[in-house]
Every structure is written in C-alpha cells, then in structure tokens.
Amino acid sequence: MAKAAKKKPGPRSASLLRRMTWPLRWVRKWVLRAFFAAALLAVALVALYSVVNPPITHTIWSEQRRLGEVDREWVPFDHIAPVMARSVVAAEDARYCQHWGIDVTAIRAALAEGGQRGGSTISQQVVKNVFLWQGRSWLRKALETLMTPLVEAIWSKRRILEVYLNVAEMDEGVFGVEAAARQYFGVGPDALSARQAALIAAVLPDPKGRSASRPSKFVRQRAAQIRDGAATIRADGRSACFED
C-alpha cells in the first residue's frame with residue numbers, strides 16, 4: 001500500500017508561520033547590525049587614536065568626578081627618558097616586544113601560580129584604559145581580548161607604549177609620566193634617572209597605595225628589581241621594538 005503524500009502547508013499556515021517567526025528574525029537582524037556597527041566604530045577609534053592622542057579615558061573621567069580635578073599633561077614619547085619606557089616594560093610586561101598583544105606564556109604562568117598575579121600585557125592595559133573601563137567582568141575581558149590584536153595590528157609598539165605612559169595612573173589623581181615626574185621628583189619626564197623611573201614603575205600596580213617619593217621597603221625592593229630588569233632588557237635586545 002502506497003504511503004500517503006505529506007500535505008503541504010497551505011497559504012494561511014505559511015502566513016501564520018511567517019508572522020510567528022518575524023519578531024525573531026527582526027531581533028536577529030538588528031543584533032547583527034548593532035554588532036557590525038560596534039565593530040566598525042572600534043576599528044575607526046583605534047585607527048584615529050593611532051595618530052590622535054586620546055582626549056580622556058573612563059578612568060580619568062571618573063577620578064575627575066570623584067576628586068574634582070586630576071593632574072595630567074600629554075608628553076610625546078621622544079620627550080620621555082628612555083629608561084622610563086624600559087622600566088615600565090620591565091615592571092609590567094618584560095616580553096612586550098615578543099608577543100602580539102596577548103602573552104600566552106604570562107597567562108599560563110599566572111594560572112600556574114593560582115591567579116596570584118595578573119597576566120595582562122601593556123597592550124591589554126592600554127585597551128582597557130583607553131577604550132573600556134576598570135573593574136572585573138567577563139564582558140570587559142572579552143572586549144579587551146578582541147580589541148587588543150586590533151590595536152597591535154594598527155599601532156606600533158612605540159605608539160602603544162607612548163599612550164600607556166600618558167594615561168596610566170601613577171598616583172591618586174595623577175595620570176601619565178609627565179605629571180608623575182613633577183609630582184614625585186620635581187623634574188620633567190626627560191630628566192628622570194634610572195632610580196626615579198624604577199620607583200614610578202614600582203607604584204603602577206597600586207598607585208593609590210604606593211608612593212615613589214615616600215617608598216616603603218617593599219617599593220624600594222621592587223624598584224631595585226625593576227632597575228635591574230630595565231638594564232637587562234636593554235642589553236639583550238628586548239627593548240628594540242620601541243627604541244631607535
């Protein structure tokens with residue numbers, strides 16, 4: 001006995017099906033549009049800030065609201081003592097010239113130590129400071145991970161470090177190496193000594209709890225390690241990507 005042919009849905013059934021699925025298709029369409037618009041905006045901002053200095057960051061804005069004012073003045077990379085750049089790399093990201101923005105080796109080491117220290121690179125910190133916000137969240141971390149390779153692809157390593165040295169908080173309400181050099185030692189960023197640069201780099205993980213002008217025993221010890229590290233990366237060529 002032949003099987004009965006399946007009955008095709010009639011015009012009314014097909015129309016009802018379209019009406020039922022229309023909201024889902026509408027949401028999907030606008031979600032995709034929003035995603036592509038956000039991606040285009042991110043690319044445009046990253047390209048813009050490769051040549052234009054970021055006027056403000058979320059952290060600077062929030063601290064300005066909290067404190068009433070902040071101390072900050074942009075300074076070109078060529079006006080910063082080379083030892084300051086090397087000290088920051090030695091302190092925060094010793095493999096800076098050897099990775100593409102995400103340092104898998106550092107992440108594995110951090111996980112092996114039970115997450116007691118961070119694995120974020122200088123490039124990731126720049127993305128967080130310039131384009132995103134502070135605080136721990138999976139959304140921010142995911143955006144940071146997506147945007148960091150984009151920044152590495154468009155900006156030079158020298159530009160990334162220049163931006164970092166100008167937007168990082170280095171004392172409460174003090175942003176950038178120019179303001180920090182004057183605040184702590186009364187000199188311009190081009191006149192920083194190896195010791196002074198290492199002390200500033202030592203406060204970066206906790207700028208509100210550490211001081212370069214009144215360093216604790218821990219900060220002094222950490223600065224000595226950074227000073228040695230800065231000399232080492234210069235000697236072994238790990239500063240070549242940002243130094244002439």
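Predicted model: local features only at pLDDT ≥ 70, side-chain atom pairs only at ≥ 80, totals over all residues.
Biologist: What makes Cys 97 and Cys 241 a disulfide?

Modeller: Their sulfur atoms are 1.9 Å apart. The cut-off is 2.5 Å. The pair therefore counts as a disulfide. A search of the whole structure finds one.

Biologist: Why is the disulfide of Cys 97 and Cys 241 called left-handed?

Modeller: The torsion about its S-S bond is about -75 degrees, so the disulfide is left-handed.

Biologist: Which parts does the pair tie together?

Modeller: Cys 97 lies in the loop between helix 3 (82-92) and helix 4 (104-112). Cys 241 sits in the segment after helix 10. The parts so tied are 144 residues apart in sequence.

Biologist: How do helix 9 and helix 10 pack?

Modeller: Helix 9 (residues 194-203) and helix 10 (residues 217-235) pack at an angle of about 120 degrees. Their axes are 8 Å apart. The crossing is right-handed. Helix 9 contributes Ala 194, Arg 195, Ala 198, Leu 199, Ala 201 and Ala 202 to the contact, and helix 10 contributes Val 219, Arg 222, Ala 223, Ile 226 and Arg 227.

Biologist: How do the residues of that contact divide?

Modeller: Eight are nonpolar, none polar and three charged. Arg counts as charged, and Arg 195, Arg 222 and Arg 227 are in the contact.

Biologist: What lines the second largest pocket?

Modeller: The lining has 13 residues, with Ala 38, Ala 39, Ala 42, Leu 143 and Met 147 nearest the centre. The lining divides into 13 nonpolar, no polar and no charged. Ala, Leu and Met count as nonpolar. The pocket's volume is about 400 Å³.

Biologist: Which helix gives the most to that lining?

Modeller: Helix 1, with seven residues. Helix 1 (11-49) and helix 6 (138-154) each supply at least two.

Key:
Residues numbered from 1 in each chain as written. Heavy atoms only, no water. Axes fitted to C-alpha atoms, helices over the stretch in contact; angles between N-to-C directions. Helix = DSSP H or I, 4+ residues; strand = E, 2+ residues; numbered from the N terminus. Left-handed = near helix turned anticlockwise from the far one by under 90°. Contact = heavy atoms within 4.5 Å. 1 Å grid on protein atoms, 1.4 Å probe; cavity = no way out; pocket = protein on both sides within 12 Å on 5 of 7 lines; lining within 4 Å. Points joined across faces, edges and corners; volume = space filled by probe spheres on them.
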